[in-house]
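Here is a short briefing for you to read alongside the model.

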Amino acid sequence: MPNSPDLATESREPASGLQEQWWFLDHWSDGAGAVVELSLRLRGALDTDRLRDAVRAVVERHEVLRTVFEFDGRLYRKVLPPERAGTDTFCTGRFPAMDTTTGPLFQARQADGVLTLRAHRSVADERSLVLLVEELAAAYRGVATEFAAEVPEVRSGDELAAFWSAKLAGFAVVELPTDEIRPATMSFRSDRVTHPVPAGLSSALAERDVIAYLTAATALVLSRHTGAERLVLGVGHDGRREPRAVGPYADTAPVALDLSGVASASDVVRLCRREIDEAVAHRGLSLPRLVERLGLARDASRHPVFQVGVVLAERPASFTVPGATAEQIGSARPDQRLDLRVHYTGAELQLDYAADLFDRRRIEHLATHLVTVLGELAAHPGRPPRELAMLPAAELAGLDTAWQGEIRPVDPAMTHERFSRQARRTPARLAVVQPGREITYGELDVWSNRIATHLSALGVGPDVPVAVALERGIDAVAAIIGVLKAGGAYVPLDPTYPAERLQYILADSRAKVLITTELLLKLFDEPAVPTVLTDRDREALEAASPEPVDSGVTPANLVYLMYTSGSTGRPKGVRTLHANLNWYLDWFLGTIPAEAFTSVFGTIAFSFDVSAMDIWPPLLTGGRLRLSDGLLAVPDDSPELDGVTMMNLVPSVLAEYLRHNRLPATVRTITVGGEQLAQQLVEDIWARSEVRDIHHLYGPTETTVFVTAQHLVRGDGRKVRLGRPIHSSRIDILGEDGARVPVGVPGEIHIGGPGVADGYLGRPELTAERFLPNPFDPSPDGMMYRSGDIGRWTFDGEIEFLGRKDDQVKIRGVRIELGEIEATMRRHPVVAAAVVAVTPRQELVAYVVPHVLPADLDAVSAYVQDVLPSFLVPTVFVAIDAIPLSPTGKVDRGALPPPPELRADTGTVPRTPTERVLAEIWGQILGKPALGPRDHFFQSGGHSLLAIRVVREIRSRLGLKLGVRSLFQTPVLADLAALVDKQTRGA
């Protein structure tokens, strides 16, 4: 076949869409993602001069290998004459750098027994390299071979843009779960996992539409891993009309799939085939043009249209010449722009993945899921997609039994009975200490008996609620024990709450008695229930019988009603039973050594169920409970802190103790729970205290204090997670469809076991919505609680907390976890604590508590910009003295100060010399002369190709080596000017 017509040495033609796409990626990635390579291991000896001549002959034959590019606002291709293109096409050492302006863009190397062909993707694809290996062998032997030449197709963009605009409407970014925070810019580092395909399945697929089946399997697995039913995959196709044409023909077409309502497995395959055909028929629009025409968000951290690709692997190359043969080493270097690319060779799946994002174990699991679903598609074409098996037996075993809480018996004695038992053993030992007052076990047992007798006379018995509105102290502890001894259920009312809230809880709980003081009674507007005033009624209480009350209470009766915040603005009462509390305390006392309870410093408000860990462990083991006047009211070096061995703390409160150096020096054990624990806070504990053991606990009020535990020991270096379910409890992480999600995939945490409470008081609809029959519990009456928390199983069988379901926000179509941003900020040395909020205008605001003032918030902002993608970077950073806390010690986002006016008018005139230079450059290229500091490059008419012109001009005018990615990361003029000034100072 003759050579293709010469494009003339000095003439130029518009580049094709694919050439434009790869040329842009070359400039955007500094060449890292635009090169394809193929290597072969040589056996025998090659004549180097003869091989060099063969390479020259192949380059002379193919004009596309002699192509270079020119750009002046539009990209053009130009073919160099053979005498100019032959230089640097063959080497025996390191490859010379590729320059798209001067070439060569195809190179060959023989070194260390390996023959490698390397090409810029704008002139050759993977199949081209396979063909060129064969042509090279023929040229080496002196044999002429036939080849085909095609001029890459250039198509009009208007019709294609209209098609893709309609096709991709409504399809959001598919967020495949990652193991690492997505970096601000993709690095193109990749790794590969292979998984064998059973021979029977391989044979079955060979007789079918393989790419459609592979696309269908990938879509179904991704849907279960992400929860998305509408997703876009990149499906590889070959645009050659001639099978032996050399050039840039391989492309990855966006294939939009809507799986909602698809009835059967075979329907999924047919859907994939139809959408692939339609996508291929509308190929030809380059990625930069597609992004520009569709107005897609520019994001330097990911592909703007799809993140997962599917492709059939190329056949291996063969090289045989006199005296030598060569076998291909692996496959051609993959296109690394994607998070994941799935190759099928016929014998195995090859998964190339972004090494910056994924743990290898995740991809190994994913490969297993893909092979399983491929087999299900082939074997069960009529089965509904959701009924296709995906999880292998080993993974199901971990989720079902191996990682769940061990079933153990529980001490049948109820909490108040266990306290009285301890009081009989150590009557003279101090039980509770508060500033200016103390009480022994014997005295507390008798005093609580008198309270119980008095309450019984008022009609208190099993399941009767009794409101306790007292300051934290001995009287409150005695009242709680007395209520339980009378058979009642205590309802804690925090005197720091607003009066309206206190009165609402008193009425909603249907309390039959209110225990309070004469002073605190003023918080209640003439309560309609009998009152017991611990000060005014003291003589009556002292006159009551000190003997135990036979209340008839059983483990099936209420132990307390704990009120939590409600989505309607009204708190809701959680019905917790004695059996629930007995179970939790039995685990807690059996897990933490008794010596830790020698002296427990109570910091938790009694209206918070975690206070059970303050009150009961010391009182059931002969230890001492020390109470302060408030969460952070203890001054430094207070005698009350002497000898404290253990503290139970909410992370935000613990951070304040560390910040103010108030953590007692004798504390060796800490339990932490109630909100997310940051890794940095754990490191601060190790660095700034003598603590040896941290018990990280998790669980909502509706499942009785805590249900998972992770034991962190000084020096073990473990990553903070939720741990595993405690004894007899179970955790199932479910998707929106109620099915268990795979290991490593986020879902909603559902909690089962003996800690699940008896629902909400007087809220049957809400109870039915949140407390569900547990299909995974072997007991027929097992229930599970929908927590609203998002988590995932790790590959070593622990649970990782990812945030609240209602803390997930979407900004400009991208799902954002506020906790991810907060965790990143806390890693900066300036930051002691951080909270991120979203304004009504969908702007992220970062609130920072610095270690010292004044705080360098610019440094924090720069750090976040370096680490996180642009869509996760807050617009403004605000320094505050402390994170506002609720009475329970949790972050109170509603009490954060209002942010300063965002994007305030900074004027339309550039303020600095650099801003003026950038405004001039932008204005010339965008055709908009009046640009100001807050103008956004892409919102002002810029696009990917114009970005390259801007960066080239900045380099020329300012003498800086600024990357194209910098403009994507900092598209606001003032921000880019600050970056340029920073680089200038660094230089």
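Helix 24 (residues 913-926) packs against helix 25 (residues 944-958) at an angle of about 140°, and their axes are 10 Å apart. This is a predicted model, in which local features need pLDDT of at least 70 and side-chain atom pairs count only at pLDDT 80 or more, while totals for chains, interfaces and linings use all residues. Residues are numbered from 1 along each chain as its sequence is written, and side-chain values use heavy atoms, with hydrogens and water left out.

- Helices (H or I, at least four residues) and strands (E, at least two) are DSSP runs, numbered from the N terminus.
- Axes are lines fitted to C-alpha atoms, for helices over the stretch in contact, and angles run from 0 to 180 degrees between N-to-C directions.
- Helix 24 and helix 25 are therefore oblique to each other; angles under 35 degrees count as roughly parallel, over 145 as roughly antiparallel, 65 to 115 as roughly perpendicular and the rest as oblique.
- The crossing of helix 24 past helix 25 is right-handed, a term used if the near helix is turned clockwise from the far one by less than a right angle, with anticlockwise giving left-handed.
- Sorted by class, the contact of helix 24 with helix 25 holds 10 nonpolar, one polar and four charged residues; Ala, Val, Leu, Ile, Met, Phe, Trp, Tyr, Cys and Pro count as nonpolar, Asp, Glu, Lys and Arg as charged, and the others, Gly among them, as polar.

**Helix 14 with helix 18**

- Helix 14 (residues 474-485) and helix 18 (residues 611-621) have axes that come within 12 Å and cross at roughly 75°.
- That angle makes helix 14 roughly perpendicular to helix 18.
- Val-477, Ile-480, Ile-481 and Leu-484 of helix 14 meet Ile-615, Trp-616 and Leu-619 of helix 18.
- This contact of helix 14 with helix 18 has seven nonpolar, no polar and no charged residues.

- Six strands make an open sheet with mixed pairing, in the order 5-6-7-2-13-12; two strands pair if DSSP finds at least two bridges between them.
- At the edges are strand 5 (90-91) and strand 12 (318-321), each pairing on one side only.
- Strand 2 (residues 35-44) runs antiparallel to strand 13 (residues 324-328), and five bridges join them.
- Leu-40 has Gln-328 in strand 13 as its bridge partner.
- Helix 4 (residues 126-141) packs on the sheet and touches strand 2, strand 6, strand 7 and strand 12, its direction making about 5° with that of strand 12.
- Helix 2 (residues 48-61) lies across strand 5, strand 6 (106-111) and strand 7 (114-120), and runs at about 165° to strand 6.

- Three strands form an open sheet of mixed pairing in the order 38-39-40.
- Strand 38 (831-838) and strand 40 (876-879) are at the edges with a single partner strand each, so one side of each is left without a neighbour in the sheet.
- Strand 39 (residues 844-850) pairs with strand 40 in the parallel sense over four bridges, and Ala-846 has Phe-877 in strand 40 as its bridge partner.
- Helix 22 (residues 818-826) packs on this sheet, touching strand 38, strand 39 and strand 40, and its direction makes about 155° with that of strand 38.
- Helix 23 (residues 857-867) also lies across strand 38, strand 39 and strand 40, running at about 140° to strand 40.

**Backbone details to look up**

- Most residues other than glycine have a negative phi, and most peptide bonds are trans.
- The peptide bond from Gly-103 to Pro-104 is cis, with omega near -5°, and Pro-104 lies in the loop between strand 5 and strand 6.
- Asp-463 is not a glycine, yet has a positive phi of about 70°; Asp-463 lies in the loop between helix 13 (441-457) and strand 18 (465-468).

Note on methods:
Contact means heavy atoms within 4.5 Å.
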